[in-house]
Amino acid sequence: MKLALLSVSVPLISYKCFGEHIFTYLAVIIWLLLLAHMLSHTQKGLSGGFGRGVLVTGCDSGFGHHLAKKLDSMGFTVFAGCLNPNSPGAESLTEEGSDRMKIIRLDVTKDEHVKLAKDFVKANLPENGLYAVVNNAGVSDWGEIEWSTAEDFQKMADVNLFGAIRVTIAFLSLVRASKGRMLYVSSIFSFFNCLNMGAYSMSKRGLEAFADCLRVEMASFGVKVSIIQPGNFGAATNIQRKKTSQDIWDEFDAARKLKFSQKYIEMACEYFQSVCSLGFKDCTMVIDAMLHALTSAKPRARYLLVSWLDLCFFYIFPFLPTYITDAVFSLSPMYQHREVMLYS
């Protein structure tokens, strides 16, 4: 909007002040603007990763797995944190990667794993040290808050929030020494209060608050902090926990089985599976954003990765009153049946 107003006002003022010389004046202004734009982009990002190490968590599958392969091909020394070093994903990284690909057993919920990972990284650092940490490890699940337990929320936060905090505190001094990058894989659900995503949203909103504070603190030391906000990439990552309506029902105690309707659970389960299947089928958009955050001279603070239609909605979302943003969910076919079907 400011640029549009400027583009209109400058010619009007110029014509009044400079008369017939307006076109010469405008040509000079345009040339100066182009020159300023070129100069602002003269600082080049990284063209290759040789001699630099990157730790990526959650490399068994999904974003972390694909990013580890890409970074290895670019010359980085990749420390690929895997929950299970013997998983098919971890084994494929070893088989297909170069000798710079280092597989680390890393459960981000365990302090001992993080400590051992740090010892391994320090012992195997390339000449330019640890350049970046990509906090990618995460889990996802859905469910009504009332049928969840406090333990469900704790498990979600222990991976998505406190797992990233554990890894950050352990490796931050190494990244600070190289004036490198810290990346955090969040979600649109960090700000979009979606139905049945309470635990996941809580963990991702906390993660972004942590990353935002870290970005402000690390700015003084040349460390760049970026947040990746993927939309619906469930089909591309398999992050969504695979469970049937019977699995959910079997986890209920006797009291909850009396309170909630099994038919609603069946309907909700089918709905969420269908929604996930409609999302992006590959990780390209996310991997490209991660690479930009890692290699660009001027990485963004946030990368919102959704379809163009969703992008338009999410840009105006923060400015909408709450009663409108909450009403969005009334458009869902599942929402129409909740009031009469949720409870037995």
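Helices (H or I, at least four residues) and strands (E, at least two) are DSSP runs, numbered from the N terminus. The secondary structure of the protein chain comes to 16 helices and 7 strands. The model is predicted: local features need pLDDT of at least 70, side-chain atom pairs count only at pLDDT 80 or more, and totals for chains, interfaces and linings use all residues. Residues are numbered from 1 along each chain as its sequence is written, and side-chain values use heavy atoms, with hydrogens and water left out.

Of the 344 residues in the protein chain, 44% are buried. Buried means under 20% relative accessible area, exposed over 50%, and partly exposed in between (1.4 Å probe, protein chains only). A contact means heavy atoms within 4.5 Å. Among contacts in the protein chain with a separation of 6 or more, 73% join residues 24 or more positions apart.

Aromatic rings were examined next. Rings of Phe, Tyr and Trp (its six-membered ring) pair if their centres lie within 6.5 Å; planes under 30 degrees apart count as stacked, over 60 as edge-to-face and the rest as tilted. The count comes to 24 aromatic pairs. One of them is edge-to-face: Trp 147 and Phe 260, at 5.9 Å centre to centre and with 85° between the planes. Trp 147 lies in the loop between β4 (130-135) and α6 (150-160), and Phe 260 in the loop between α11 (254-259) and α12 (262-277), so the pair ties together parts that are 113 residues apart in sequence. Both residues, Trp 147 and Phe 260, are buried. They belong to one aromatic cluster, whose members include Trp 142, Trp 249, Tyr 264 and Tyr 343.

Charges also meet rings. A charge sits over a ring if NZ of Lys or CZ of Arg is within 6 Å of the ring centre and within 35 degrees of the ring normal. Lys 243 lies over the face of Trp 142, at 5.0 Å from the ring centre. The charged end of Arg 52 sits over the ring of Tyr 131, 5.8 Å from its centre.

Helix packing was examined for α6 and α7 (residues 162-177). Their axes are 3 Å apart, at an angle of about 30°. Axes are lines fitted to C-alpha atoms, for helices over the stretch in contact, and angles run from 0 to 180 degrees between N-to-C directions. Angles under 35 degrees count as roughly parallel, over 145 as roughly antiparallel, 65 to 115 as roughly perpendicular and the rest as oblique. The two helices, α6 and α7, are therefore roughly parallel to each other. Ala 157, Asp 158, Val 159 and Asn 160 of α6 meet Phe 162, Gly 163, Ala 164 and Arg 166 of α7.

Two serines were also considered. Ser 203 is found in helix α8 (residues 198-218). It is buried, at 0% relative accessibility. Beyond its neighbours within four places in sequence, Ser 203 contacts Met 156, Ala 157, Asn 160 and Leu 161. Ser 187 is found in the loop between β5 (181-185) and α8. Its relative accessible area is 3%, so Ser 187 is buried. The C-alpha atoms of Ser 187 and Leu 305 are separated by 9.0 Å, although these residues are 118 residues apart along the chain.

Backbone angles complete the account. Most residues other than glycine have a negative phi. Lys 179 has a positive phi of about 50°. Lys 179 is found in the loop between α7 and β5, and is exposed, with a relative accessible area of 57%. Phi of Asn 196 is near 70°. Asn 196 lies in the loop between β5 and α8 and counts as buried, at 6% relative accessibility.
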